[in-house]
Amino acid sequence: MAAGGERYRGALVVTPTYDEYDNLEELTQSLWAALPGAHILVVDDASGDGTPGWVRGHPRFGEALFLLERPGKGGLGTAYLAGFAWGLRQEANYARFLQIDADLQHDPAEAPKLFAAMDGGAELVLTSRYVGGVRVLNWPLQRLALSLAAAFYVRAMTGLPLTDPTSGYKLWSRDVLECLDFADIESNGYAFQIETSHYAWRMGVRLEEVPIVFEGRHAGSSKMSGEIAREAMIEVLKLAFRRGVVERRPRWRAPA
């Protein structure tokens, strides 16, 4: 095992794919370089680009690289939930779950920062493009302005104390995931990131944001759509309503 591999043994990286074949080699190699000893689960939604075959043909398939195939395009949120559920069932008894998109907009080299924050006591670690300043590359100004406005909207409506609530690059402890009721999670697109973080916060989970540099995708096409944006707006309104009518009662108790 590579130097430092013991530190990341027991970690599962969950990455959903839909036509991300061109990114798989760089993604997996970069993840293992950053997190030696970690396992990677590819959750594929019936990609027609050869993704399942590539995973099965990899020399580390079945040892450090695994595949969960789904029958069709089910969406980002359900893919992550399926990956988490798969990991929680395994005999490997994974203690930490890293969620990362396969499009390489999330730099795998930043992953050790998330683990360091959890070593320091955080129970859910989230990356942020905006904490301490803006760290975004290769984005048009209009998209950056929309992202910043969305972050302000989420904070104002729900009270969620995050600078980048739509971030999908997160590290979960097993204990927190086991306390989440997956059946309660309604959203499936980018709103999934907001909803899951909001539930964790309402439970009293200790959140911490770490700064990262965010780049435009390397290959493939964006999955953003008008339907996904509308879902996010509606979900934020629902969370705001719950905030107003449901007392915040922490259910989370960190293990002794």
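1. **Glu-20.** Glu-20 is buried at a relative accessible area of 6%. Here buried means under 20% relative accessible area, exposed means over 50%, and partly exposed lies in between (1.4 Å probe, protein chains only). Glu-20 sits in the loop between strand S1 (11-17) and helix H2 (21-34). Helices (H or I, at least four residues) and strands (E, at least two) are DSSP runs, numbered from the N terminus.

2. **Basis of the model.** This is a predicted model, in which local features need pLDDT of at least 70, side-chain atom pairs count only at pLDDT 80 or more, and totals for chains, interfaces and linings use all residues. Residues are numbered from 1 along each chain as its sequence is written, and side-chain values use heavy atoms, with hydrogens and water left out.

3. **Confidence.** pLDDT is the predictor's confidence in each residue, from 0 to 100. Its mean over the chain is 84, and 79% of the residues reach 70 or more. Two stretches deserve a flag. Over residues 217-226, pLDDT stays under 50, and the model has 18 contacts beyond four places in sequence for them. Contact means heavy atoms within 4.5 Å. Over residues 245-250, pLDDT again stays under 50, with nine such contacts.

4. **Overall make-up.** The chain has nine helices and nine strands. Of its 256 residues, 50% count as buried. Among contacts between residues at least 6 apart in sequence, 81% join residues at least 24 apart. The chain exposes about 11,700 Å², and carbon and sulfur atoms supply 54% of that. Accessible areas come from the Shrake-Rupley method with a 1.4 Å probe; for residues, only the protein chains shown count as cover.

5. **Nonpolar cores.** A nonpolar core is a set of buried Ala, Val, Leu, Ile, Met, Phe, Trp, Tyr and Cys residues joined through side-chain atoms within 4.5 Å. The largest has 32 residues, and Val-13, Leu-35, Leu-98 and Val-125 have the most contacts inside it. Elements giving two or more residues to this core are S1, H2, strand S2 (39-44), helix H3 (51-56), strand S3 (65-69) and helix H5 (111-119). Another core lies apart from it, with 30 residues, among them Val-43, Phe-84, Tyr-94 and Val-176. Which residues does Val-13 touch, not counting those up to four places away in sequence? They are Leu-31, Leu-35, Ala-38, His-39, Ile-40, Leu-41, Leu-98 and Ile-100.

6. **Arg-96.** Arg-96 lies in strand S4 (residues 96-99). It counts as partly exposed because its relative accessibility is 22%. Its side chain makes a polar contact of 2.9 Å with the side chain of Asp-119. Arg-96 and Gly-10 are 86 residues apart along the chain, yet their C-alpha atoms are separated by 6.8 Å. Beyond four places in sequence, the residues touched by Arg-96 include Gly-10, Phe-115, Met-118, Leu-171 and Trp-172.

7. **The S2-H3 loop.** Asp-45 is placed in the loop between S2 and H3. Asp-45 is buried because its relative accessible area is 4%. The side chains of Asp-45 and Arg-70 are joined by a polar contact of 2.6 Å. Leaving aside neighbours within four places in sequence, Asp-45 is also in contact with residues including Thr-17, Tyr-18, Gly-72 and Lys-73. Ala-46 is in the loop between S2 and H3 as well. Ala-46 is partly exposed, at 40%. Its phi is positive, about 60°, although Ala-46 is not a glycine.

8. **Leu-104.** A positive phi also occurs at Leu-104, near 70°, in a residue other than glycine. Leu-104 is found in the loop between S4 and H5. Is Leu-104 buried or exposed? Leu-104 is buried, with a relative accessible area of 6%.

9. The expected span of a helix is 1.5 Å times one less than its number of residues. H4 (residues 76-89) has 14 residues and reaches 20 Å from its first C-alpha to its last, close to the 20 Å expected. Buried residues in H4 include Tyr-80, Leu-81, Phe-84 and Trp-86. H8 (residues 191-203) has 13 residues and should span 18 Å; its end C-alpha atoms are 18 Å apart, which agrees. In H8, 13 of 13 residues are buried. Gly-204 follows H8, with a positive phi near 95°.

Key:
Polar contact = N/O pair within 3.5 Å; in protein donor to acceptor, adjacent residues only side chain to side chain.
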